[in-house]
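Have the structure open while you read.

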Amino acid sequence: APIVPFAHAMPLPKNLKPTSFTATSDLYEIRMQEAQVEIVKGLMSKVRTYDGTFPGPTIRATQGREVVVRQINELQVNTAVHLHGAHVLSEHDGLPMDTIVPGGERTYRYPNNQPAASLWYHDHAHHLEAENVFMGLHGLYLLTDHNERTLPLPSGPYDVPLVIRDARVEADGTLLYTRPSDCPHMLVNGKERPYFQVAARKYRFRVYNACANRYVKLRFADGIEFTQIGTDGGFLETPVQQSELLMLGGERADIVVDFSRYKVGDSVVLENPGAQSIERPEVMRFDIVRTAPDYSFVPGRLTTYPPQPTPTVERDFEIRTFPAMTINGQSYDPNRVDITAKLGTTEVWTVRNVEAPAAPGKPDFHLWHSFHTHLTYFRVLERNGKPAGTRDLGLKDTVTLGPGDTVKIAMTWGPYTGQYLYHCHQLGHSSGGQMGRIDIVA
Ligand code: C2O
C-alpha cells in the first residue's frame, strides 16, 4: 500500500488492568485473538494480538511483587509467551516446545526480583516466533522499582514508549510476513509513521526495536543530541550523550530528549538513515505544540551495578546463516543440550558473526545477527578487540553483530537452574535454527 507519512496521531498502548490481586501478586488474563486494526491510513489489516490490541496491552510491574498472567490461545496457531529480559523459572520462560495449542491456555509467573527495566513479552513458539511476532504478538512490560521512583526523570505523560517495527501492508490491507527489504512501512506503537504532539520540555522515551528482522539506526533529522539513560537491563550507571542509536531486534534504549530547544510550531523528524531498498528514512515526527513547566532532570548517577565476579569459564560461538542457520554448526534441537553451565558461575563468551559484508548498495539485514541470552543479563567487554563503547553500555540481554563483528560478553548464570536459550534475535534466524539450549545446573 502507498506510504502516507504522518497521517496518524501516535497512540499509546493501553495499560492492562489486573483481573484480581492477592497480598503478593497481580493477576492478569490475556486472550490471544485475531483482530482487524488500521495500520496504514484507511486500510484494515488482520493481525494476531494479545487481548485485541496491536501492539498488545502494557503490563506495569513493581519490583518484589509477582505478576501472574493467564494466557488463553484463541488463535489458529501454536504460541508460547516469553517475557524478554525477565529472570524467571524455566517453566515460565516460554520455551519453544512449551506451546499453547489453539484452544489451550497457560499461566506464567513472573517474580520481578530484578531492577526497573523496559521489558517486553512476545511469541516464542517453535519455528513460529518470527511470523507470530511480525503478525502482532508483542507487548510491553514495564518494571519499576524504588530507585526509579526517586529519580527526577520525566514521568507520567512525559514517559512514553516508542515501539518501532517494520511491516508490509498490501493494497487490500493484508499484513504480509516477508523479508525486511520488502517491508516499506515503519510503525511506531502500531501505526505507520505517526506524528506525536509534544510540549517544549524534556521527555523520556522507551525505544524498542520490535522488528522481526531489521536493524534501525535512529537519529533526529537535525542531528540533535539526546541523553541515553538506560538499555535492555534498566538504567545505565551514568547517562551518556548520543546522537544515533543502532538497534537490532530485541534491543531497548531509554532516552531523554529535550524539546525546549524548539519553538512552538516547530517539528522534528526521527529518521532511520540506514533505510535500504524500498524503505523511506522517516520513522515518526514530533510536533512541538505547546509549552509546559519542566522540573525534571537527568541526574549524574542513575544506579549502581553489583560488581561482576571474575570469569572462570570461556566459550566461543560462531553464528552462520549459510549453508544453514546455525550456532557452532548446529541448528536448534530442543532435545539436545548444547551447553551446561553451573549456577553462579561467571563466563566470558566470544561471539563471532562470520558473514561477509554485502555488495555495496545491496540490502544487508540478513547478514546481521543479534545475540540474545535468556535468564540473565550480560556486560559487553569488547567489540572487535576494543573496549566496549557507547553502543554497548550497561546491562544487556541482546548485542548487535554486523557482518564480521566479534564481541566478548560476560554473564553470571542464575538466579535459577533449568533449561534456557541463547539465540539470534533476528527472529527469522532463530525460527530457522540459530538457537541453542543451555541448561543451568546446581
Ligand atoms: Cu526476545 Cu528468546 O527472545
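Start with Arg31: with a relative accessibility of 33%, this residue counts as partly exposed. Keep in mind that what you're looking at is a predicted model. The side chains of Arg31 and Glu29 come together in a salt bridge, 3.5 Å from N to O.

How many salt bridges does the structure hold? The count is 35.

| Pair | N to O distance |
|---|---|
| Arg31 and Glu29 | 3.5 Å |
| Arg301 and Glu237 | 3.4 Å |
| Arg320 and Glu318 | 3.3 Å |

Now pick out the pair Arg301 and Glu237, whose side chains meet in a salt bridge. Arg301 sits in the loop between strand S21 (282-290) and strand S22 (313-320), while Glu237 belongs to strand S17 (residues 234-242), so this pair ties together parts that are 64 residues apart in sequence. Arg301 is partly exposed at 44% relative accessibility, and Glu237 is partly exposed at 24%.

Next up is the salt bridge between Arg320 and Glu318. Arg320 has 34% relative accessibility, which makes it partly exposed. Glu318 is partly exposed too, at 31%.

Which residues do shared partners join into one network? That would be Glu29, Arg31, Arg70, Glu74 and Glu105, linked by salt bridges that share partners.

Notes:
Residues are numbered from 1 along each chain as its sequence is written. This is a predicted model: local features need pLDDT of at least 70, side-chain atom pairs count only at pLDDT 80 or more; totals for chains, interfaces and linings use all residues. Side-chain values use heavy atoms; hydrogens and water are left out. A salt bridge is a side-chain nitrogen of Lys or Arg within 4 Å of a carboxyl oxygen of Asp or Glu. Buried means under 20% relative accessible area, exposed over 50%, partly exposed in between (1.4 Å probe, protein chains only). Helices (H or I, at least four residues) and strands (E, at least two) are DSSP runs, numbered from the N terminus.
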